[in-house]
Amino acid sequence: MAQTEPMKMVAPMEVGIAVRDLDQMREFYTRVLGFEEISTVQVPSDKTAASAMATDGATVVRVQTPYGERIKLLSAPSTNATERPHWLLERAGLAYLTFIVRDIAAEHRRLRAAGVQLMSDGPIENRPGLRVLFFRDPEGNTLELVEYADLGSYRPDLAHGA
């Protein structure tokens, strides 16, 4: 494959999550994770059908992380349940969202106190200087917290904020 010029992005990447219970998911991402709700918009069915989103319209709630990334919670009447495998890598496709934090132990305590479904008893040191904690949102989507002992060695472009 020929090398091409990089895409010209003008804002941080956004992620969309199709959800069944929009109110429950909005509550989780704003109250439990502490993200700010930015907007709620209704997309009519002719527009969702034309853009290959859904045949029956959609509601989109945008939330923003403290670092500036946005997550779009998208709900359409046709959104249905899907069974998720036990192991993250048992299926191809989007596996999980990662949030890099400064104090994973404190975040673990906060999530546990909020009754969040944790996927391990606590943070796991995957390799020296890297601790991870996987958990699920109310609809079973997997989220990951990561703490680097030295963020600058992983992301030199972010070392100023470490």
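# Working chat: salt bridges, cores and loops

User: What separates Arg 26 and Asp 23 in helix α1?
Analyst: About one helical turn, because the two residues are 3 apart in α1. Keep in mind that this is a predicted model.

User: What do their side chains do?
Analyst: Arg 26 and Asp 23 meet in a salt bridge, at 3.2 Å from N to O. Asp 23 has a relative accessible area of 55%, so Asp 23 counts as exposed.

User: Which residue does Glu 27 pair with?
Analyst: Arg 31, through a salt bridge whose closest N and O atoms are 3.0 Å apart. Both residues belong to α1, 4 residues apart, or about one turn of the helix.

User: Glu 27 and Arg 31: how accessible is each?
Analyst: Glu 27 is partly exposed at 41% relative accessibility. Arg 31 is exposed, at 64%.

User: How many salt bridges does the structure hold?
Analyst: The structure holds 7. One of them joins Arg 131 to Glu 147, with the closest N and O atoms 3.4 Å apart. This pair links distant parts of the chain, since Arg 131 is in strand β8 and Glu 147 in strand β9, 16 residues apart.

User: Is Glu 147 buried or exposed?
Analyst: Buried, at 16% relative accessibility.

User: Switching to the core. Which residues in the largest nonpolar core touch the most other members?
Analyst: Tyr 29, Leu 33, Ile 71 and Leu 73, out of 24 residues in that core. Eight-way bookkeeping aside, the elements giving two or more residues to this core are β1, α1, β3, β4, β5, α3, β8 and β9. The largest share, 5 residues, comes from α1.

User: What about a second core?
Analyst: There is a separate one of 7 residues, which includes Val 132, Tyr 148, Leu 151 and Leu 158.

User: Back to Ile 71. What does Ile 71 touch?
Analyst: Leaving out residues up to four places away in sequence, the contacts of Ile 71 are Val 15, Ile 17, Tyr 29, Phe 35, Val 61, Arg 62, Val 63, Leu 97 and Phe 99.

User: Ile 17 is on that list. Where is Ile 17, and what separates its C-alpha from that of Ile 71?
Analyst: Ile 17 is in strand β1. The two C-alpha atoms are separated by 7.4 Å, with the residues 54 apart along the chain.

User: Is Ile 17 buried or exposed?
Analyst: Buried, because its relative accessibility is 9%. Beyond four places away in sequence, Ile 17 touches Tyr 29, Ile 71, Lys 72, Leu 73, Leu 74, Leu 97 and Asn 141.

User: And Ser 75, where is that?
Analyst: In strand β4. Ser 75 counts as buried, at 15% relative accessibility. With residues up to four places away in sequence not counted, its contacts are Val 19, Arg 20, Leu 22, Gly 57, Ala 58 and Thr 59.

User: Next, helix α3. Which of its residues are buried?
Analyst: Ile 104, His 108 and Leu 111 are buried in α3, which spans residues 104-113. They cover an arc of only 70° around the axis, so they sit on the same side of α3.

User: What do they pack against?
Analyst: Against α1, β6, β8 and β9.

User: Which residue just after α3 has a positive phi?
Analyst: Gly 115, with a phi of about 75°.

User: Which residue other than glycine has a positive phi near 65°?
Analyst: Ala 52. Ala 52 is in the loop between α2 and β3. Its relative accessible area is 72%, so Ala 52 is exposed.

User: Why flag that phi?
Analyst: Because most residues other than glycine have a negative phi.

User: Last topic, the surface. Which residues form a nonpolar patch there?
Analyst: Met 7, Met 9 and Met 13, with about 400 Å² of accessible area together. Met 7 is in the segment before β1. Met 7 counts as exposed, at 69% relative accessibility.

Notes
Residues are numbered from 1 along each chain as its sequence is written. This is a predicted model: local features need pLDDT of at least 70, side-chain atom pairs count only at pLDDT 80 or more; totals for chains, interfaces and linings use all residues. Side-chain values use heavy atoms; hydrogens and water are left out. Buried means under 20% relative accessible area, exposed over 50%, partly exposed in between (1.4 Å probe, protein chains only). The arc is that of the directions from the helix axis to the C-beta atoms. Contact means heavy atoms within 4.5 Å. Patches are made of residues with over 30% relative accessible area and no salt bridge: like charges are joined within 9 Å, nonpolar side chains (Val, Leu, Ile, Met, Phe, Trp, Tyr) within 5 Å. Accessible areas come from the Shrake-Rupley method with a 1.4 Å probe; for residues, only the protein chains shown count as cover. A salt bridge is a side-chain nitrogen of Lys or Arg within 4 Å of a carboxyl oxygen of Asp or Glu. A nonpolar core is a set of buried Ala, Val, Leu, Ile, Met, Phe, Trp, Tyr and Cys residues joined through side-chain atoms within 4.5 Å.
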